[in-house]
Structure formats: structure tokens, C-alpha cells
Amino acid sequence: MEIDKAIGESDDTRLKTKYNNAIFVIRRALSLYSIEEVAFSFNGGKDSTVLLHLLRAGYFLHKKELSCSNGGLSSFPVRTIYFESPSAFTEINAFTYDAAQTYGIQLDIIRQDFKSGLEALLKANPIRAIFLGVRIGDPTAVGQEQFSPSSPGWPPFMRVNPILDWSYRDVWAFLLTCKVKYCSLYDQGYTSIGSIHDTVPNALLSVNDTSSKEKFKPAYLLSDGRLERAGRVKKNASTKNDVGSDSQKHEVLLASVIAVGDEILSGTVEDQLGLSLCKKLTSVGWSVQQTSVLRNDIDSVSEEVDRQRSICDMVFIYGGVGPLHSDVTLAGVAKAFGVRLAPDEEFEEYLRHLISEHCTGDRNEVSFVLRITFLIYLYILSQNSYKLLLSFQMAQLPEGITELLHHEKLSVPLIKCRNVIVLAATNTEELEKEWECLTELTKLGGSTSLLELYASRRLMTSLTDVEVAEPLSKLGLEFPDIYLGCYRKSRQGPIIICLKGKDNARIDSAVQALRKKFKEGVFVDMK
């Protein structure tokens, strides 16, 4: 069988391991269910194409074991279903039908939505298990195992996910090693294909060319598989978790800052990061709603993150990220979103390059350690240079919601889980670097879209609280889009009034309106 032969002749040990594990899952399913009780959901995408050939190889090996025959595979008897959609790319449709003809596949074409189509299919056929090309990181993969019963509310069947733990790199290693055909869109810069309405070529593969038509490199040249879905067009939403939406365009965005550490609560360590982070957020116009310090406890982190993420546009959390039993932040974040911690193999590959020069011992031992450990990153300031202290924890990140924010100045990326950003900084100097990178990523059109510069003015006055209270209240009603804040540095000191907003002209108008309510010279601008 050509697939099994190509993998056997490959010197890619990682690919061989992935292949053997997937084949084991397939053969296990074929031993649990008869050929009439299984089906394969094929959609023409790269993951589905990988699974097609894994199924062909798995069925061949399963049949060979039962019959002790070395014959070839002339047909593919596994029922194959294809959900045809008017919003699918013509190239996807063409490739799907071409593959069916090439490999002797009898397609069951369904022109309904996935759920309705499955209900009709299962009623008409004795299907008990369906092979799916789902990988960890896919939106639908959260909570799934290699064998997972269908979700409540869906028709009952067993979801079989042979490539659940495969990475983007693994997928392309398989397709290129086996030299099998795949949809032509992948050679045009598409890295993750949905519908014609939400999919464009991945800009990271754009080629600088003098010609008017933009060109793209093929998908297998994408260096960071975590950016696989960068070509998916995001839909606008007006929820708290969609920072930068139109509904928030002229509003002050809300942030929360969470510190995790028993050492802070006991007074052993003074928390400077929270103060610095609040200043930075305020400087770009964000309103920090709350700062909190939590003990090293998963439930405490989970409850606070869950509460703050629902009321704030962005939550920043630091501390409790490391290899020790007390480092519970990532586990708490995962629990807050109702997901598990899952291995991140793309990050494993990324870390392999970082730590290879620091590793000693047998390569297999190193590989094993990498599979069960996760890089926890600390920077140590020594003289005028940084040293990277590498330590390890379970190689797991919150499943299906984690995005790594890469920057050339960072030895390791920042972690973003929906509207929660996990910072690795342990001192203000490290925070400065992470903040700088975060703002640069935003200016470059990165995924955070959160640090839009705001206008602000500060006025100082010797008026009493009673004298300014009513005029400020009326000013707030006149300018609801402007944030107004007041404070004193000392009990007898002057009142400082802060005005913040996205529109500088509106700030100026508010200041003029306030000054008109009093005698000239009462308010002094502060630098």
C-alpha cells in the first residue's frame, strides 16, 4: 500500500509516530464496528485529505491482518459523506469529486446543514461511528478525545478523531511525504479553508512582487502553524469579548488586572507590576475597573477570571506561571473558560529550537521530556544583558482558546486566551518589554486590537470639593463619551481632574465647557 510504504521509508520519526498512533485508532474503530457501522465525513480540506489516506492505509492493514493477504486496495468501502454547500469554493468541490473518482469512493452527498444531514443519515443507515478530521485547536475540538460520543442534543454516534493530536506541521509533512494530491487553493496561500464568505489567503504568505496582482506562497511554507487560521475573516460582534467593535468606538474600554501569588498576600513581595500595568493601561485610555491579588489556588483564579472576563473588555493576569505546584494560573484560566489543558505540539516544535543547545543527554529522552513539559519563561537581568532561564511544566495550554502572540523581541510569545492575556513578566523591566511588544503587535494589525491611543487632559484647581461637585456632574451628562475622574495627592492638596476619551476635539470641548462654569484662571493645565 503506497501510503504505508511512503511513511515507512521516511526518516521523519515524529511523522512515523503520528502515523502509527492514527492507524492504531483507525484499526481499533474498525475492530469495534463493522464496515457498515462506520462513516467518514470528507470535506476536501487538508485535514480531511490526510484522514482519507490514513483510512485507506488503516483499512488496508486491517483487511491484510484478517485475510493474511498482501493484495492491493482497489476500492474504499467506508461510507463517505460530503456536505455540499453553495458557499463552498469551486476548487473544494472539484477536488472532492476528483478524489472520489481516483480512489473509488462512493460519495453520499448531503445538501442540508450538518446536524439535519446527520439526523437523516443515521435514521436511514446503521451508522454508529464517524471518522472526523478534527485537530486540537479547531473550534469544534474543545473537550474531544480520540473516541468521543456526540454532544447532547445531537444524534447519537461515536466521533472518531485519529488526527486529534496532529499539528499543522504534521499535516503537511504527511501530505508532502506521501506525495498525494490536495486542493489547489493551498498552493495559492490559503492555509485554512472555510466558506467563500469567510476565507482569504493568509497574508503571512504574501509575496512582494512588482506586479499588480498579489501573489502568495503555498500553505506548507507557513512557518508558524499557530497562525493557520489567520486567513479566516472575523465577523464583527458587539460583545465585551470583541474589543474594538463599532459599538465601542467612542467608549472607554474596561480592563481588569489580576495578580496571582501567596508571596504578595503575605507581604513577602511588593507588587510593582500591578501599579505599572495600571499606569500603562491608563496612558492609552483604558479604564481599569479592578485590581485583585489571588492566592495560588486554581478555583480562586478560575472564579476571578470568569467574573472579570464577563464584565471587562480585557483581563491581564500575571504570576503563578511556572513549573512549581503553586503555579496554577493557566489551569485556572482553562477552568474559567470550561476547557481542559491540552498538549500544544506546535509550541513543542518552537521550544525545541530554543532549548536544544541547553539540553544534554539522549535525544529520545529529550524528546520525551518535551512531550510532557511546557516552557515557563523567566528573564534574569544580569549586568546589561538578559539570560533566559528555562524551566518546565506540563506541556499544556487551555484547549481551543489559546493564541500565542509572537514578537521578534520576545524569546517566547505572550499567551492570549480570548480576552485574557497571560503575562510572563516577573519585574517592571520585563513588563516594559512585553508591553512594548504588545503595543507594536497592535499597530501592526495583530490579533489583540486593544491598544488604541486615547486623548487625555489633566486640570488642577484649588476649588473645594463642594464647589466642583455639581458642575462636574452636569459636565458628565453633557459629555457621556468622556471619562471624568478626580483625586487629590494629599488631603490638603489641589483637586486634579482627569478627562479621557478617543476624540481629542471632544476633550477640548469638555474642558472649555467646564471653564465657562467658573471664573477665568481657576483651572490650570497639567503636563
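Q: Which side chain meets Lys280 in a salt bridge?
A: The side chain of Glu432, with N and O 2.6 Å apart; a salt bridge here is a side-chain nitrogen of Lys or Arg within 4 Å of a carboxyl oxygen of Asp or Glu. The pair links distant parts of the chain, with Lys280 in helix α8 and Glu432 in helix α13 (residues 428-443), 152 residues apart. Helices are DSSP runs of H or I with at least four residues, strands are runs of E with at least two, and both are numbered from the N terminus.

Q: What kind of model is this, and how are residues numbered?
A: This is a predicted model, where local features need pLDDT of at least 70 and side-chain atom pairs count only at pLDDT 80 or more, while totals for chains, interfaces and linings use all residues. Residues are numbered from 1 along each chain as its sequence is written, and side-chain values use heavy atoms, leaving out hydrogens and water.

Q: Back to that pair. Is Lys280 buried or exposed?
A: Lys280 is buried, at 12% relative accessibility. Glu432 is partly exposed, at 40%. Buried means under 20% relative accessible area, exposed over 50%, and partly exposed in between, with a 1.4 Å probe and protein chains only.

Q: How many salt bridges are in the whole structure?
A: A search finds 26. One of them joins Glu37 and Arg128, with the closest N and O atoms 3.4 Å apart. Glu37 is in the loop between α2 (13-32) and β1 (38-41) and Arg128 is in the loop between α5 (114-124) and β4 (129-131), so this pair ties together parts 91 residues apart in sequence. Arg128 is partly exposed at 44%.

Q: What about Lys5 and Glu9?
A: Their side chains form a salt bridge at 2.7 Å, N to O. Lys5 and Glu9 are 4 residues apart in helix α1 (residues 2-9), which means about one helical turn separates them. Lys5 is exposed at 52%, and Glu9 is exposed at 57%.

Q: Which residues are linked in a network of salt bridges?
A: Asp12, Arg14, Arg169 and Asp170.

Q: New topic: Leu281. Where does Leu281 lie, and what does Leu281 touch?
A: Leu281 is in helix α8 (residues 273-283), buried at 0% relative accessible area. Not counting residues up to four places away in sequence, Leu281 touches Ala255, Val257, Trp286, Val288, Phe316 and Trp435; contact means heavy atoms within 4.5 Å. Leu281 and Val257 are 24 residues apart in sequence and 9.8 Å apart in space, C-alpha to C-alpha.

Q: And the chain as a whole, how many helices and strands?
A: The protein chain has 15 helices and 22 strands. Of its 527 residues, 48% count as buried. Among contacts between residues at least 6 apart in sequence, 72% join residues at least 24 apart.
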